[in-house]
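Here's a quick briefing to read with the model open beside you. Start with a loop, then work through the fold, the cores, the surface and the charged pairs.

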Amino acid sequence: MKVMFLKKAYAKRVDQARKELIELKGVAYPEIDLAHIFNQLYVDARPQSSNSNQPEDWGQLIAMVFRVLSRKHVTAYPHTKEVLAFLKEQGCRIYLLSNAQAAFTNAEIDLMALRLILMLFTCLRMPVSVSRNLEFLKQVLDDHGLNPSETVMVGNDLTTGYCCG
């Protein structure tokens, strides 16, 4: 019974946050801050008699615990760190763009010891659509002054690579 309540409360909070962000930012697919949602769910479920102060970062902690409990395994592909480190030593700038939740992915980047290799880590919730991926990637190129003819994009999705040429 509590699980069903939690699922409904989660869905309601996410839907409410999505609607607010769409109205506020005018974007069709806003990034929902799940750490904030988890924080709200905790406050909603906390016993009324509890007067303990809740640190703001509890939502982040809950998000990380959720991810740890829901993932089976995380590791970089063989030689990934070595290749990325070599490229960085050669003067290449390395960016990681992801549509995953930052609350989940940040810990995984640290687990794999990739943070020092990366120039930038960006999470952006975006739909799986070729035109939207292309728009997002063009924006990243523009924001960081990257020349498309001197840029290599590696992805885990055939449509992403295809849309970018």
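In which loop is Ala-28 found? Ala-28 sits in the loop between H1 and H2. Bear in mind that this is a predicted model, where local features need pLDDT of at least 70, side-chain atom pairs count only at pLDDT 80 or more, and totals for chains, interfaces and linings use all residues. Residues are numbered from 1 along each chain as its sequence is written, and side-chain values use heavy atoms, with hydrogens and water left out.

**Overall fold**
- The chain has seven helices and two strands; helices (H or I, at least four residues) and strands (E, at least two) are DSSP runs, numbered from the N terminus.
- Going along the sequence, the pattern reads α-α-α-α-β-α-β-α-α.
- Of the 165 residues, 26% count as buried; buried means under 20% relative accessible area, exposed over 50%, and partly exposed in between (1.4 Å probe, protein chains only).
- Take the contacts (heavy atoms within 4.5 Å) between residues at least 6 apart in sequence: 61% of them join residues at least 24 apart.

- Mean pLDDT (the predictor's confidence in each residue, from 0 to 100) is 76 for the chain, and 75% of the residues reach 70 or more.
- Where pLDDT is low, the predicted coordinates should not be read in detail.

**Inside the protein**
- The largest nonpolar core has 12 residues, among them Val-14, Leu-21, Leu-34, Phe-38, Ala-63 and Phe-104; such a core is a set of buried Ala, Val, Leu, Ile, Met, Phe, Trp, Tyr and Cys residues joined through side-chain atoms within 4.5 Å.
- Helices H1 (2-25), H2 (34-45) and H5 (102-111) each supply at least two residues of this core.
- Leaving aside neighbours within four places in sequence, Leu-34 touches Tyr-10, Val-14, Gln-101 and Phe-104.
- There's also a second, separate core of seven residues, including Ile-94, Ile-109, Ile-117 and Leu-118.
- What does H5 bury? Its buried residues are Ala-103, Phe-104, Thr-105, Glu-108 and Ile-109.

**A greasy patch outside**
- Leu-61, Met-64, Val-65, Val-68 and Leu-69 form a nonpolar patch on the surface, with about 460 Å² of accessible area together.
- Patches are made of residues with over 30% relative accessible area and no salt bridge: like charges are joined within 9 Å, and nonpolar side chains (Val, Leu, Ile, Met, Phe, Trp, Tyr) within 5 Å.
- Val-65 belongs to helix H3 (residues 58-70) and is partly exposed at 40% relative accessible area.

**Charged pairs**
- The count comes to two salt bridges, each being a side-chain nitrogen of Lys or Arg within 4 Å of a carboxyl oxygen of Asp or Glu.
- In one, Lys-19 pairs with Asp-15, with the closest N and O atoms 3.2 Å apart.
- Both lie in helix H1, four residues apart, about one turn of the helix.
- Lys-19 is exposed at 53%, while Asp-15 is partly exposed at 34%.
- In the other, the side chains of Asp-110 and Arg-115 meet at 2.9 Å, N to O; Asp-110 is partly exposed at 44%, and so is Arg-115, at 35%.

**Loops worth a look**
- Ala-28 is exposed, with a relative accessible area of 54%, and its C-alpha is 9.2 Å from that of Arg-18, 10 residues away in sequence.
- Ala-100, in the loop between strand S1 (95-98) and H5, is 69 residues from Glu-31 in sequence but 9.6 Å away in space, C-alpha to C-alpha.
- Most residues other than glycine have a negative phi.
- His-79, in the loop between H3 and H4, has a positive phi near 70° and is exposed at 58%.
- Ala-113 also has a positive phi, about 55°; this residue lies in the loop between H5 and strand S2 (120-123) and is partly exposed at 43%.

How values were computed: Accessible areas come from the Shrake-Rupley method with a 1.4 Å probe; for residues, only the protein chains shown count as cover.
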